[in-house]
Amino acid sequence: MKHKYLNMALGLYMSYFLLGMINIILASNMSFLSEQLNVEKTDISLLISVVGVGHLLSINIAGRFSDRYGRKPLVVAATILYMVFLIGIPLTSHYQIAMGLAFIAGICNSLLDSGTYPALNEAFDEASGTATVLLKAFISFGASLLPMMINFFVVEKLFYGLVFFVPALLFLFNGLFLMKVSFPKFKEEKASQDAIITESAASIGPKLWREGAALILLGFSSVSLFTVVQTWLPTYGQEVLHLDKLKSIGLLSFYSTGGLISILLLAVLLKRTIKPITAIVILPAFAFLALLLLIINNNPMLLPIISFCLGLFMSGIFQLTVTVMIELFPHKKGVSVSYVSAAASIAFIVIPFITGLFIKYIGVSSVFMLDLVIAFISTILALFISVTQRNKRSDLILKK
């Protein structure tokens with residue numbers, strides 16, 4: 001039997017497929033954009049940071065709008081504004097206008113996150129971890145396809161801006177589709193959840209200043225992990241292991257393919273074997289090992305395999321963090337998502353800026369040393385959350 005909200009889910013997954021392209025579209029076109037805007041490559045990394053600024057300044061408002069007005073208006077508005085960004089970037093030669101468009105892209109990200117995660121959690125409450133983690137699968141699929149599109153346009157000597165215009169057209173069709181589909185009645189869901197919370201569970205439940213703070217920090221570190229890789233992996237391939245431009249960009253395809261396979265595995269395992277709170281411990285620990293291998297490797301032939309492993313272990317951490325946040329703090333899902341997303345937006349601002357300075361004054365290898373430290377911190381944070389919740393469940397059983 002067809003699920004009541006299957007069409008909604010398909011529309012939301014399509015938006016995140018396109019978001020996968022957008023996440024790397026500026027970094028992947030860094031050379032083209034630096035020439036068009038007459039700036040250095042490090043200035044394009046600053047442009048990527050502006051996306052994070054827009055996200056940061058709008059995410060809390062978007063979360064409150066989501067809890068007050070519903071999920072659907074936000075995701076539809078995001079599709080419209082993303083079209084503005086995608087059409088505007090390749091048509092402007094002014095860096096200041098590009099910064100404004102990047103800011104709009106950050107707002108779009110806030111609207112999409114604040115509407116999508118709660119909507120999927122409410123529509124598929126029996127398998128919310130799988131439903132939200134599948135978003136990363138579509139992000140990875142989109143990110144895998146984009147470098148192929150870029151290579152095709154380069155080989156055919158076509159205008160690079162077509163790689164922006166194609167997703168803009170798809171956003172138009174998807175926005176029209178989302179306008180017609182039904183979304184869960186989130187207010188009724190919220191009321192029913194409030195009713196089932198017992199006094200004993202509330203008394204020993206998670207605290208925002210403790211587990212919530214750890215999850216917010218994990219939101220920052222999880223996004224920092226893949227932001228470094230998505231932004232600088234092609235540069236690492238060119239400058240450290242001396243790959244040509246097309247092969248270096250192609251590393252992102254290996255990374256994204258690994259991410260896609262990881263999410264497909266997680267989608268199955270979360271439904272049958274492991275819980276999201278366990279997965280957020282395992283993934284950053286193995287990401288640490290993959291980054292360590294990247295740093296000590298001197299063989300260009302191994303770089304595609306390492307890129308694949310980075311995608312395999314970095315993908316889905318943020319989505320799992322959001323899922324755990326919603327599970328631990330279900331009363332205001334939009335606001336809960338906004339806290340983690342705000343941390344993510346800070347990462348989008350800070351990490352490209354800091355890594356740009358690292359590249360300029362130290363070198364690209366130092367950026368991946370930083371990422372190694374971030375992976376270690378992510379593992380510690382996830383362990384803290386997992387152990388704390390395991391202890392609380394034991395206390396709740398004893399209290400009963």
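This is a predicted model: local features need pLDDT of at least 70, side-chain atom pairs count only at pLDDT 80 or more; totals for chains, interfaces and linings use all residues.
Let's start with the second largest pocket, which holds about 270 Å³ of space. It's lined by 17 residues, and the closest to its centre are Met-30, Ser-31, Lys-41, Thr-235 and Gln-238. Where does that lining come from? H10 gives the most, with six residues.

Now for the rings. Across the whole structure there are 14 aromatic pairs. Take Phe-159 and Tyr-160: their pair is edge-to-face, sitting 5.2 Å centre to centre with 70 degrees between the planes. Phe-159 is partly exposed, because its relative accessibility of 40% falls between the 20% and 50% cut-offs, whereas Tyr-160 is buried at 11%.

Tyr-236 and Phe-368 make another edge-to-face pair, at 4.9 Å centre to centre and 65 degrees between the planes. Tyr-236 belongs to helix H10 and Phe-368 to helix H16 (residues 364-399), so this contact ties together parts that are 132 residues apart in sequence. Here Tyr-236 is buried, with 3% relative accessibility, and Phe-368 is buried too, at 0%.

Back to Phe-159 and Tyr-160 for a moment: they belong to one aromatic cluster along with Phe-32, Phe-164 and Phe-165.

Notes: Residues are numbered from 1 along each chain as its sequence is written. Side-chain values use heavy atoms; hydrogens and water are left out. On a 1 Å grid over the protein atoms alone, a cavity is a set of points where a 1.4 Å probe fits but cannot get out, and a pocket is an open set with protein on both sides within 12 Å along at least five of seven lines; lining residues have an atom within 4 Å of a point. Grid points are joined across faces, edges and corners, and a volume is the space filled by probe spheres set on the points. Helices (H or I, at least four residues) and strands (E, at least two) are DSSP runs, numbered from the N terminus. Rings of Phe, Tyr and Trp (its six-membered ring) pair if their centres lie within 6.5 Å; planes under 30 degrees apart count as stacked, over 60 as edge-to-face and the rest as tilted. Buried means under 20% relative accessible area, exposed over 50%, partly exposed in between (1.4 Å probe, protein chains only).
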